Amino acid sequence: MKMQLSEIARVLGVEEIPSNWQQITITSVSFDSRKMKPGALFVPLKGENDGHQYIQQAIDAQAQATLWQKDHRAIPTEIPALVVDDTLAALQKLAKYYLQKINPQIVAVTGSNGKTTTKDMIAAILSTQYNVTKTYANFNNEIGVPITCLSMEPNTEVLVVEMGMDRFGQLDQLSRLVEPDIAVITMIGEAHIEFFGTRDKIADAKMEITHGLKEDGVLVYNGDEPLLNERTAQLVQETRTFGLNDNVDMTAVQIRGAENQTRFTVPQLNQMQFEIPMIGDYNVKNALAAIEVGQLMHISAENMQAALKHFALTKNRTEWINGALGEQILSDVYNSNPTAVKAVLHSFENVETQGRRIIVLGDMLELGEKSAELHASLAQAIDPSKIDEVYLYGNEIRILADQLAAKMPMNRIHYYPLGTQEQMIASLKEMLQENDIVLLKGSHGMHLENVLAALKAPEKN
């Protein structure tokens, strides 16, 4: 981005700024003083830590100016400070203005699982014919979405924005902020069921992504999900469905998985064959959603085919990594819920290997009063004839160890309570062999990325 401070002041309703501020140029916006670039507008936000406390770090990082919430005294004098009622609201207002100024086509993506992967797939497909900006990492909430908008270069033609949620009203706000041309719902799972109570309510919350959808916009959604089919019947906008059943607009057949890739055929595209660099029928569904968006944006089938074969996946999303001993590690350590775990287990169990299949599962968080029941349900998805060793880490997942004891030998079940991750890592290191394949899956709060760091091969310089 590139905006004059006088323009930003006008957008935010800040009157009569000094004349020597008028021509100051802002080239980026940041709420984190540790990651600022020179020329940035610093936006201190009030949260667990109050960003106003870090104004000196922002100045030291060569911030060009700052917003300042008016209920905070000691307004900085070392750099220009625009005083506003609420810095978060100001950030969102500035983002909406800049979005309207650049005026890209907007694709918004949400879902209990798969939204980051689908976002990456969509961006790869659209980048073959457009200048595309996409959500960085997991910047998908009321702070991350406006930062994503403000990160656009002036030549951006399409913005692919990921939207997360953990409460009612959040997607409503984000959707109305960006006003998507295309909205995508990947699936309805149990993520955040602690806050919503039922999958029905999660579906209601996910449908909020349509609240800002343009009148001539399109909703692309998982047609295999009855909860979505029920709710989309009320929409006035056009809808498109994807899935693996027969009654959808975009489907896949002849799905063939290997260790680190999946091939499938799309009947609706003249039986064209596609390949994605990851495993799992659930990722085939994500690819179908991306293909459907590509069709709506008039991307050629050949370009979509090439883009999906080599698209760049956001870190820690179902990626194969080389282990130090030569073993292969399937890392999916960013989030976890029962639907996601069962899906990746099904795919992992069918990966061919000359060694053993070993799974490392951490607690699934935010399941509330259903936690014990949902952790226990994972036992049905673990086939002892295909899984050789099971490592479980956390307090909530202990019930799964008890359930598995009824179907596989105890010496193949390794349970480690919270706080004993180092012991689990030591056991894994001692037990692993060259031809083994390992699955790591758990909620981000379980920090299985530490296990990955301990097991993976050193990076070459």
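Reply: Start with a cut-off: a residue counts as buried when its relative accessible area is under 20%. Keep in mind that this is a predicted model.

Me: By that cut-off, is Lys 115 buried or exposed?

Reply: Lys 115 has a relative accessible area of 12%, so it is buried. It lies in helix α4.

Me: What does Lys 115 touch, leaving out residues up to four places away in sequence?

Reply: Its partners are Val 109, Thr 110, Asn 140, Glu 162, Met 163, Gly 164 and Thr 186.

Me: Which residues does the UniProt "binding site" annotation cover?

Reply: The unreviewed UniProt entry lists Gly 111, Ser 112, Asn 113, Gly 114, Lys 115, Thr 116 and Thr 117 under that name.

Me: Take Ser 112. Where does it lie?

Reply: Ser 112 sits in the loop between β7 (105-110) and α4 (115-126). Its relative accessibility is 5%, so Ser 112 counts as buried. Beyond neighbours within four places in sequence, Ser 112 has contacts that include Thr 186, Met 187, Ile 188, Lys 206 and Asn 337.

Me: How do I read the packing of two helices?

Reply: Use the angle between their axes and the distance between the axes. Here α4 packs with helix α11 (residues 301-309) at about 135°, and the axes are 8 Å apart. The two helices are therefore oblique to each other. Their crossing is right-handed.

Me: Which residues meet where α4 and α11 pack?

Reply: From α4 come Met 121, Ala 124 and Ile 125. They meet Met 304, Ala 307 and Leu 308 of α11.

Conventions:
Residues numbered from 1 in each chain as written. Predicted model: local features only at pLDDT ≥ 70, side-chain atom pairs only at ≥ 80, totals over all residues. Heavy atoms only, no water. UniProt positions renumbered as here; feature names shortened; annotations may be inferred. Helix = DSSP H or I, 4+ residues; strand = E, 2+ residues; numbered from the N terminus. Buried < 20%, exposed > 50% of the residue type's maximum accessible area, 1.4 Å probe, protein only. Contact = heavy atoms within 4.5 Å. Axes fitted to C-alpha atoms, helices over the stretch in contact; angles between N-to-C directions. Parallel < 35°, antiparallel > 145°, perpendicular 65-115°, else oblique. Left-handed = near helix turned anticlockwise from the far one by under 90°.
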